[in-house]
Structures are given as structure tokens and as C-alpha cells.
Amino acid sequence: MEKWLEELQSLLPEGHVLTSLADRHSYSFDASFGEHLPDAVVQVKEKQEVADVLKLANRYKVPVHPRGSGTCLSGGPLPVHGGIVLDMSQFPAIIDLSPRDLTVKVTPSVLTGNINKAAEKHGLMYAPDPSSAHVATIGGNLAENSGGPRGLKYGVTKDHVLGLEVVTPEGEIIKTGGQTIKNVTGIDLTKLIVGSEGTLGVIVGATLKLMPKPPAVQTIMVAFDEVRKAGEAISQTLTSGILPAKMEFMDQACIIAVENFQPVGLPVDAAAVIIIELDGHPETLRVERGLIEEIMEEMGAKEIIIPKSDEEAAKLWHARKQVSPAIAKIKPTKVSEDATVPRSKIPDFMDRLELIKEKYGLDVVAFGHAGDGNLHPNILCDKRNVEEMKLVEKAVEDMFQAALDLGGTLSGEHGIGTMKAPFMELELGEVGLDMMKRIKDSWDPNGILNPGKVFPEKGQKLVLHHD
């Protein structure tokens with residue numbers, strides 16, 4: 001046994017360090033592609049344990065890969081260089097609300113959906129709502145800067161973080177930000193750490209913003225006979241002065257998949273549907289609903305559906321959340337991307353996706369948060385088919401290039417991880433990527449914290465197949 005591992009086992013309580021092959025295999029993958037075996041798994045339960053592990057790892061130059069629930073779609077927690085997987089999900093889940101301040105303090109193991117549930121008891125809400133909120137931890141959401149349908153109106157995770165407690169790669173515990181809405185004291189380290197994917201520090205606590213829950217909501221579903229028309233209707237709505245809380249898109253393949261999976265009465269003959277949620281004062285919603293109906297009719301809507309009850313509205317939103325499991329029934333493998341473009345370019349991006357689909361002869365479905373340009377093109381395939389997976393790799397490259405050509409970005413909410421690292425220079429340029437790397441090197445001089453993520457290694461390419 002290596003000396004660092006012996007010292008690690010003596011440093012922590014019995015049972016906190018897992019070294020059996022079965023345990024290590026359990027932490028070798030996430031919700032993306034690839035499998036990498038760590039040398040050990042450490043289940044930490046308090047911030048001092050995190051600090052002790054990082055001090056030891058930094059001294060021995062052992063890689064440490066922080067991990068929440070393993071729901072990451074970009075390979076964020078994968079132990080690509082072996083070493084230690086640091087399981088943060090075992091922390092006591094603490095939610096400490098301060099309703100009068102509209103803030104909440106949380107530990108990293110708290111499930112994101114539970115923060116909103118706790119806030120609702122006080123007439124408040126935590127706005128970020130990723131689809132995985134019922135299983136993903138807030139620590140993982142902070143590391144990846146997660147979004148969700150409400151991101152259109154309320155922003156992504158970083159827009160709701162006031163302060164953090166972080167363990168540095170050298171094992172020091174620091175605090176960033178604070179508990180106040182205004183805070184311009186020095187460089188904003190909070191924003192730097194949120195979304196850094198565990199490469200700069202390990203988040204062990206956070207203070208988040210809450211807001212009053214809107215008094216009323218209104219759901220509208222609109223069907224179109226052309227995908228491009230749907231994209232143009234989204235742009236027209238967003239330039240009209242109306243800002244929905246959510247504006248979601250599903251193409252026909254998604255609609256049919258959901259109806260085959262859990263039928264709710266979606267229009268399967270439509271080329272695409274948009275599901276909209278307005279929130280605010282009931283009188284305001286009445287006016288905005290009328291305006292949206294006018295806009296959709298002018299843009300050539302095939303059908304406008306207004307749910308007659310909260311239950312009917314809930315079914316529509318449940319249907320949207322069922323897209324991922326529904327399309328997974330079509331083929332055994334799905335490659336889920338989240339390239340994002342300016343809102344005005346949504347119709348053009350949809351056209352480019354259609355061309356990619358035809359070029360490679362692949363099953364490509366599209367859904368997502370179209371209101372903020374964040375689509376989720378999914379390629380349905382079979383990872384056992386090597387030749388098909390080689391085509392998928394090329395199609396993914398073309399999707400990223402299409403997004404960048406249209407002024408977009410590689411990722412709207414899934415992060416970079418291992419999956420998108422090879423394409424970072426395409427978006428940032430050599431100098432831009434180098435500036436990011438300099439920040440990483442200054443925070444983590446020994447390069448122990450989550451190596452192999454975000455920053456591409458020489459010659460690194462996207463590989464989804466195994467010969």
C-alpha cells in the first residue's frame with residue numbers, strides 16, 4: 001500500500017476511506033461517458049476532514065476529484081488521473097433559512113430541490129431549478145453553475161450566490177462574499193469559484209439568495225407545424241416586452257417519445273411545441289396571456305392550449321421533464337449536449353441541427369430552455385456500435401461549431417468537464433484559455449484538484465467509442 005494511502009486511512013475515522021474494487025468501481029463513472037477507477041474514495045462529513053484530505057493530497061501530489069451525486073453530464077467528477085474521489089454527499093444536509101433576510105445557508109450535500117421546498121414554507125423560493133434538482137446536490141450545482149427552465153427570467157446558480165465557504169487545494173478554509181445583497185469588497189472570488197468545476201477549491205458551505213414566490217402562474221402550450229416557426233415565435237415573444245419565467249421547446253421526436261412513455265395528450269402531429277410559464281400578479285398574467293396568444297397567432301401557431309386547472313398545467317410540465325427518460329427508450333445510448341446561442345439565432349441553430357442530422361444519418365432530437373437559447377440536442381445511438389459512435393463524435397463537433405458560428409457557447413449549464421475540454425480553444429482562443437489556466441495554476445500550484453477537467457491536455461479529442 002502506498003504511503004499516502006496509509007496516512008489517509010490513519011487520518012480519518014474508520015469507514016471513511018473506501019479501497020475495495022467494488023467501492024472504487026461505484027465511483028468510477030457519472031451520467032456522462034467514460035469510466036476511470038480511483039485509487040481510493042473518501043467520504044467526508046465535515047469541512048475539517050476536507051481540509052485534512054487536501055493538505056495530505058497536496059503534500060503527496062495526489063489528484064483529488066470532488067463529487068456530489070454523480071449526475072454530471074460533462075464528466076466533472078470523473079477520476080481521470082486516479083487518486084482520490086472526494087464524496088461530498090455524506091455531509092449532514094443542513095438548510096438554515098433567514099426569511100427576513102431572504103437568504104439561506106446550506107451544506108454541499110443538500111439536494112437542490114429541498115432548498116426550494118424549505119423556502120416555500122415561508123412563501124419564498126430558490127429560483128434555480130435544474131431538471132435533476134430532486135437528486136443533484138447544491139454542491140454539484142455550484143461547481144457546475146447549473147441552470148434550469150427558470151433561468152430565462154431568474155438566471156442561473158451564480159446569480160443566486162451571496163457567499164461561499166471553500167477549502168483551497170492546499171487545505172486552507174476561506175470564506176468569500178458574505179450575507180449581504182451588496183458586496184464589492186475586492187475581487188469577486190465567489191463568482192470565480194461558482195462554475196469552476198472543482199478545479200479551484202472544494203465548496204463546503206454556501207449562502208444563497210431567496211425571493212418571494214410569485215402569487216400566480218399561467219401555463220400556455222403552443223403547437224407549430226414547422227420547427228423554424230417555433231423558433232421565430234420564441235424570438236418574437238422575448239422582444240415584445242414580456243419575460244416568461246419559463247419557455248421550453250420540444251420537437252416532434254420528443255413529443256412522440258413522451259406520449260409513448262407516459263401519455264398526457266401532447267399534439268403528436270405537431271413539428272414542435274413551446275411550453276410557457278408566466279408568473280406574477282394575476283391581473284398582469286391575464287394581460288400577458290392575451291398578448292402571447294396574439295403573438296403566437298401572428299407567428300402561425302397551429303394550436304394554442306390553455307390548461308383548465310393547475311393539475312393540467314402540472315401534467316404539461318411533468319411531460320417536459322419526462323423527455324430525457326422517454327427518449328432513452330428509443331435507443332440504448334443518448335449523447336446530451338447543451339450548446340447555447342443568442343436568442344435571435346435559435347431558428348438558425350435549429351436549421352443547422354437538421355443539416356447535421358441529415359449529414360450523418362443519426363437520430364437527433366432537440367428540446368430545452370429555448371427562451372434563453374439553451375437547447376439540448378440529443379443524439380440517440382448505441383455505444384456498442386463503434387462505427388455509429390464515430391459518426392456521433394463528428395456530429396457533436398459540428399454542433400459545437402454551429403453554435404460558435406452563430407455567436408454562441410459550448411455550454412449553457414452542463415459544464416465543460418472532460419466532454420467539452422477539447423473544444424475550449426475554439427471558443428476562447430489560445431490566449432483566453434491560457435489566462436484561465438494561469439488562474440488555475442496560481443490557486444493550485446501542484447495541480448491536484450480535479451485535473452483533466454476544463455483544460456484540454458495536448459492532443460485531447462472527444463472519444464465516445466471503444467474499438
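# Close-up views of a predicted model

**View 1. Glu165 sits in strand S8, which runs over residues 161-167.** The structure shown here and in the views that follow is a predicted model. Glu165 has a relative accessible area of 16%, and because residues under 20% are classed as buried, Glu165 is buried. Once its neighbours within four places in sequence are left aside, the residues in contact with Glu165 are Lys47, Ile173, Ile174, Lys175, Val202, Ile203, Val204 and Gly205.

**View 2. Helix H10 covers residues 282-298 and has its buried residues on one face.** With 17 residues at 1.5 Å a residue, H10 should span 24 Å, and the C-alpha atoms at its ends are 25 Å apart, which agrees with that expectation. The buried residues of H10 are Leu285, Glu288, Ile292, Ile295 and Met296. When H10 is seen down its axis, these buried residues fall within an arc of 90 degrees, so they line one face of the helix. On the face of H10 turned away from the buried side, the exposed residues are Arg286, Glu297 and Glu298. The buried residues of H10 are covered by elements that include strand S12 (216-224), helix H8 (227-238), strand S13 (246-251), strand S14 (272-280) and strand S15 (303-305). Just after H10 comes Gly300, which takes a positive phi of about 85 degrees.

**View 3. Helix H4, formed by residues 112-120, packs its buried residues against strands and a helix.** The residues of H4 that count as buried are Thr112, Gly113, Ile115, Asn116, Ala118 and Ala119. Their packing partners are the strands S5 (95-98), S6 (103-106), S7 (124-125) and S10 (202-209), together with helix H5 (138-144).

**View 4. Leu380 is placed in strand S18, which consists of residues 374-381.** Leu380 has a relative accessible area of 1% and is buried. Although Leu380 and Lys331 are 49 residues apart along the chain, their C-alpha atoms are separated by 5.8 Å. If residues up to four places away in sequence are not counted, Leu380 touches Ile327, Ile330, Lys331, Thr333, Lys334, Asp363, Val365 and Glu388.

**View 5. Cys254 and Cys381 are both shown here without a disulfide.** A disulfide is a covalent bond between the sulfur atoms of two cysteines. To be counted as such a pair here, two cysteine sulfur atoms must lie within 2.5 Å, and by this rule the count comes to zero disulfides. For Cys254, the closest cysteine sulfur is that of Cys381, and because the two are 15 Å apart, they are too far from each other for a bond. Cys381 is likewise in no disulfide, since its nearest cysteine sulfur, that of Cys254, is 15 Å away. Cys254 is buried, with a relative accessible area of 0%, and Cys381 also counts as buried, at 0% relative accessibility.

**View 6. The second largest pocket holds about 950 Å³ of space.** This pocket is lined by 36 residues, and those closest to its centre are Asn145, Val194, Gly195, Ser411 and Met436. The elements that give two or more residues to the lining are helix H7 (189-193) and helix H15 (424-443). H15 provides six residues, which is the largest share of the lining of this pocket.

**View 7. The structure holds one cavity of 30 Å³ or more.** The largest cavity has a volume of about 40 Å³. The residues that line the largest cavity are Leu73, Ser74, Ser336, Glu337, His414, Met419 and Lys420.

**View 8. Asn450 and Val454 lie in the segment after H15.** Asn450 has a phi near 50 degrees, which is a positive value in a residue other than glycine. Asn450 counts as buried, at 2% relative accessibility. Val454 is not a glycine either, yet Val454 has a positive phi of about 70 degrees. With a relative accessibility of 9%, Val454 counts as buried.

Note on methods
Residues are numbered from 1 along each chain as its sequence is written. This is a predicted model: local features need pLDDT of at least 70, side-chain atom pairs count only at pLDDT 80 or more; totals for chains, interfaces and linings use all residues. Side-chain values use heavy atoms; hydrogens and water are left out. Helices (H or I, at least four residues) and strands (E, at least two) are DSSP runs, numbered from the N terminus. The expected span of a helix is 1.5 Å times one less than its number of residues. Buried means under 20% relative accessible area, exposed over 50%, partly exposed in between (1.4 Å probe, protein chains only). The arc is that of the directions from the helix axis to the C-beta atoms. Contact means heavy atoms within 4.5 Å. On a 1 Å grid over the protein atoms alone, a cavity is a set of points where a 1.4 Å probe fits but cannot get out, and a pocket is an open set with protein on both sides within 12 Å along at least five of seven lines; lining residues have an atom within 4 Å of a point. Grid points are joined across faces, edges and corners, and a volume is the space filled by probe spheres set on the points.
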